[in-house]
Amino acid sequence: MIDFPRMVKVAGVKKDGGVVVLSLAERFPSQPGQFAMLWLPEKGEKPYSFLSENEFGIAPVGELSRGLASLRKGDAVGVRGPYGRGFVLKGKRVLLVGGGCGVVPLAFLAKEAKKKGMAVTVITGAKTAALLSLHSSLASCASVFCCTDDGTKGRKGFVTDALKDALVLKHYDCVYACGPEKMLRLVAEICVKKNVPCQLSAERLMKCGLGICGQCDLDGLLVCRDGPVFEARDLLKKPSFGRTSLSASGKETVL
Amino acid sequence: MNPLGVSFCGSRLRNPTVLASGILGVTAAQLKRAEEGGAGAVTTKSIGPEERSGNRNPTCVALPHGLLNAMGLPSPGYEAMGEEWRQLKKMKVPVFASIYGASVDDFRRVAAYVADKKPALIELNISCPNTAEHGQAFGFEPSVAADVVEAVKEVSGRVPVSVKLTPNTHKTVAVAKACEEAGADAICAINTVSGMAINIEARKPVLSFKKGGYSGPAVKPIAVRCVYEIYEAVEIPILGVGGITTGRDAIEMMQAGASAVGIGSGVYYRGPNVFRLVCDEMREWMRGNGFASAKSLTGAAHD
Ligand SMILES: Cc1cc2nc3c(=O)[nH]c(=O)nc-3n(C[C@H](O)[C@H](O)[C@H](O)COP(=O)(O)OP(=O)(O)OC[C@H]3O[C@@H](n4cnc5c(N)ncnc54)[C@H](O)[C@@H]3O)c2cc1C
Ligand SMILES: Cc1cc2nc3c(=O)[nH]c(=O)nc-3n(C[C@H](O)[C@H](O)[C@H](O)COP(=O)(O)O)c2cc1C
Ligand code: FES
């Protein structure tokens, strides 16, 4: 086994709402929900979900993500992966719920679901209209409902409110969600109450990505190795899910 | 009788496999997982005197024959771990508490606090190659290592004290002897081997700390040699660590002189159930080779 970053050339960079889509010159055979560790020397190395086998969607929020978002065609980025377990598509009619850059793996999933002939609905949310990401990509394979905190586009309010309504109006075989863990906990509670199967992609700070350092602990689960995608039912048994996570020192920190 | 049962510094282990420090052991929940994976005992991630985030990523990569890491001793600090200690009380297998410091006084302070929590053993990490100010410097000089052991023994009460040694010096055996003379109850060998890997396309060392500690299959011969030599030099029991991923590896380490074996990188190669797999393989080998108990393996390769 070798897990060493390979330097891969950037083939294209494009802004799309709140994320910058980075296309690489190489494909990484991967499933929606799996991630890669992206490395920029001096800036760090962190997990990013695949948007397709050769694309990532980066929200520029800190040192590394801003560095990644400001790469240009021809620059190189270190990639190791794919890692983790992705989403498993089930049934005929699926509902995808994404908050912020959580929409990245869901856009990949929506394409796969469409290929399998499933009916795909997406609820996507962001603080404001300008930060809604990957809208046209989603719209090409799903019916899309937007929510913004400030009401600048779509429904004013949270994706969880839209989810509650959606589950009343129609039957879905499975719900798939990714976003801030606080949101995910609510999504999980809503789905379990309605008895709708639900898979969630959890977020934890990662170091090794290899299942040995223990940094990504979620009450005994390793998010990098056992996840990042889990069944909602399993995560709801975990007291820290959506509430606390480990900081880089290993100290429990409130989300 | 359980053929794999061994005792180590007064603790009875259901089998000789021990989760090595720094692997998974950040939280009690992960230590529990190693227990469920079959470990005979578990070691906590090294606990330090104050909160420390460790080095920036990349902190760990896998090379063709081993892992290279420079986590940099992240720790919430000993005083911030109240809840973890409470959870650790629920463990069925013995818990070894690994500690580190930047001075003899740090070691004393952390050890005094930790001893009060009554772990099965305190392991002094004087051998981490991955920080500037902590770690292996204490393990380079026999007299310095002895000072740390003496200071800790003053405050450790009935909790046995083991010293984890670095292979990155020609004085490993002399350090082991000095620690024994200073009152150490056991030796743990080895910590990682100092190394580096460069990403040639990036023209940069791949780890942000540049250097790292090498572990996994590639370092087994180094660990076996250290344990073999230490066994000839000291009377106290040895926890043999380095490159163990199979039952045969564990048996080799015990024949070199180890009373129990630590497994770290093996968790990467074979998953958190590596302990059970290693034990199954040990049992089978022992059956086929006329060894009735794991105890009788210790030192079997010596004249
Ligand atoms: C499995 C997994 C998949 C991920 N996939 C993606 C992905 O596809 N795209 C992506 O952009 N990120 C993704 N992330 C998050 C990513 O790993 C980094 O944490 C993120 O890019 C911030 O790193 P940074 O060093 O740039 O900023 P930091 O210095 O870590 O953070 C800067 C500030 O931004 C805040 N912040 C951190 N993350 C976010 C966020 N997601 N949204 C808003 N604010 C935030 C922090 O609280 C901090 O205040 C994923 C994480 C995991 C665990
Ligand atoms: C990711 C990682 C983190 C480690 N952290 C520690 C630590 O905190 N304290 C310590 O004493 N040893 C630490 N070690 C060293 C291991 O406990 C062990 O001595 C070494 O890896 C050799 O054993 P192995 O080949 O089975 O991994 C670490 C090793 C790895 C790979
Ligand atoms: S990030 Fe190290 S175990 Fe998951």
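Colleague: In the shell around ligand 1, how many residues are nonpolar, how many polar and how many charged?

Modeller: This is a predicted model, and its shell around ligand 1 counts 17 residues, with Lys46(A), Pro47(A), Tyr48(A), Gly57(A) and Ser65(A) coming nearest. Sorted by class, the shell around ligand 1 holds nine nonpolar, four polar and four charged residues.

Colleague: Which element of chain A gives the most to the shell around ligand 1?

Modeller: The space that ligand 1 takes is the largest pocket. Two or more residues of the shell around ligand 1 come from each of strand 4 (44–52), strand 5 (55–58) and helix 1 (63–69) of chain A. The element that gives the most, with four residues, is strand 4 of chain A.

Colleague: From which domains of chain A does the shell around ligand 1 draw at least three residues each?

Modeller: The residues that come nearest to ligand 1 include Lys46(A) and Ser65(A), and both numbers fall within the bounds 6–83 of domain 1 of chain A.

Colleague: How much of the accessible area of ligand 1 does the protein cover?

Modeller: Among the polar contacts, an oxygen atom of ligand 1 is 2.6 Å from a side-chain N or O atom of Lys46(A), while a nitrogen atom of the ligand is 3.1 Å from a polar backbone atom of Ser49(A). A polar backbone atom of Ala59(A) is 2.8 Å from an oxygen atom of ligand 1. Of the 910 Å² of accessible area that ligand 1 has on its own, the protein covers 66%.

Colleague: What percentage of the accessible area of ligand 2 does the protein cover?

Modeller: An oxygen atom of ligand 2 lies 2.7 Å from a polar side-chain atom of Lys164(B), and a nitrogen atom of the ligand is 3.1 Å from a side-chain N or O atom of Asn125(B). A polar backbone atom of Ile190(B) is 2.9 Å from an oxygen atom of ligand 2. Of the 610 Å² of accessible area that ligand 2 has on its own, the protein covers 98%.

Definitions and conventions
Residues are numbered from 1 along each chain as its sequence is written. Chains are lettered from A and ligands numbered from 1 in the order in which they are written. This is a predicted model: local features need pLDDT of at least 70, side-chain atom pairs count only at pLDDT 80 or more; totals for chains, interfaces and linings use all residues. Side-chain values use heavy atoms; hydrogens and water are left out. A polar contact is a pair of N or O atoms within 3.5 Å; within protein, one must be able to donate a hydrogen and the other to accept it, and residues adjacent in sequence count only if both atoms are side-chain atoms. Accessible areas come from the Shrake-Rupley method with a 1.4 Å probe; for residues, only the protein chains shown count as cover. A residue is near a molecule or strand if one of its heavy atoms lies within 4 Å of it. On a 1 Å grid over the protein atoms alone, a cavity is a set of points where a 1.4 Å probe fits but cannot get out, and a pocket is an open set with protein on both sides within 12 Å along at least five of seven lines; lining residues have an atom within 4 Å of a point. A molecule sits in a cavity or pocket if more than half of its atoms lie within 2 Å of its grid points. Ala, Val, Leu, Ile, Met, Phe, Trp, Tyr, Cys and Pro count as nonpolar, Asp, Glu, Lys and Arg as charged, and the others, Gly among them, as polar. Domain bounds come from an automatic or database domain assignment.
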